[in-house]
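Subject: A structure for you to look at

Hello,

Here is the structure I promised to pass on. Please open it first, and then read my notes below with the model beside you.

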Amino acid sequence: MHELGIARNILDIVQHSVPVDRYPEVKWIRIRIGQLSGIVPDSLDFCFSAIISETDMRQAILKMETVPTVSLCRDCEHQFTVEEFTFTCPSCNSANLELLSGRELEVVDIELVDD
Ligand SMILES: [Zn+2]
């Protein structure tokens with residue numbers, strides 16, 4: 001269940017970014033999850049809700065954006081979105097690829113309730 005560890009990391013980041021007295025104002029936390037990160041969004045959402053329920057930011061919502069897996073072919077420079085984990089270039093069939101995105105796991109921003 002590595003989503004629990006990730007949920008704790010996200011909470012850590014938020015707690016370091018937001019002053020303690022403003023925890024109740026955290027409206028949402030936007031994160032980006034790469035398709036290759038192996039994270040199950042529902043599971044992460046569940047874990048995050050569970051751990052924030054014991055904090056002053058229990059009202060916060062986790063907004064998850066999925067980042068598609070994008071590769072660049074080093075042989076023909078074709079850039080493409082990888083579907084169903086097929087790691088060959090659709091243009092020239094080369095397997096000499098560079099991964100441009102898909103492994104992300106990052107907190108993009110934290111929105112507080114407007115004053
Ligand atoms: Zn190619």
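A word on terms before the notes: two residues are in contact if their C-beta atoms, placed from the backbone, lie within 7 Å. Helices (H or I, at least four residues) and strands (E, at least two) are DSSP runs, numbered from the N terminus. This is a predicted model, so local features need pLDDT of at least 70 and side-chain atom pairs count only at pLDDT 80 or more, while totals for chains, interfaces and linings use all residues. Residues are numbered from 1 along each chain as its sequence is written.

Let me start with the whole protein. There are two helices and six strands, and along the sequence they come in the pattern α-β-α-β-β-β-β-β. The protein is more spread out than a compact globule, because its radius of gyration is 18 Å, well over the 13 Å that the globule rule gives for 115 residues. (The radius is taken over C-alpha atoms, and the rule is 2.2 Å times the number of residues to the power 0.38.) Buried residues make up 17% of the 115 residues; a residue is buried if 20 or more other C-beta atoms lie within 10 Å of its own, exposed if 12 or fewer, and partly exposed in between.

Next, have a look at helix H2 (residues 41-52). Its buried residues are Leu44, Cys47, Phe48 and Ile52. They cover an arc of only 120 degrees around the axis, which puts them on the same side of H2; the arc is that of the directions from the helix axis to the C-beta atoms. What do the buried residues of H2 pack against? Their partners are helix H1 (2-17) and strand E2 (61-67). Asp42 and Ala50, on the other side of H2, are exposed.

Then there is an open sheet of three strands, in the order E4-E3-E5 with antiparallel pairing. Two strands pair if DSSP finds at least two bridges between them. E4 and E5 are the edge strands, each pairing on one side only. Strand E3 (residues 70-73) pairs with E4 over three bridges, and Leu72 has Gln79 in E4 as its bridge partner.

Finally, Asn96 sits in the loop between strand E4 (79-81) and strand E5 (97-101). Asn96 is exposed, with 12 other C-beta atoms within 10 Å. Leaving aside neighbours within four places in sequence, Asn96 is in contact with Cys73, Arg74 and Asp75. The C-alpha atoms of Asn96 and Asp75 are separated by 6.7 Å, although the two are 21 residues apart along the chain.

Enjoy exploring!

Best wishes
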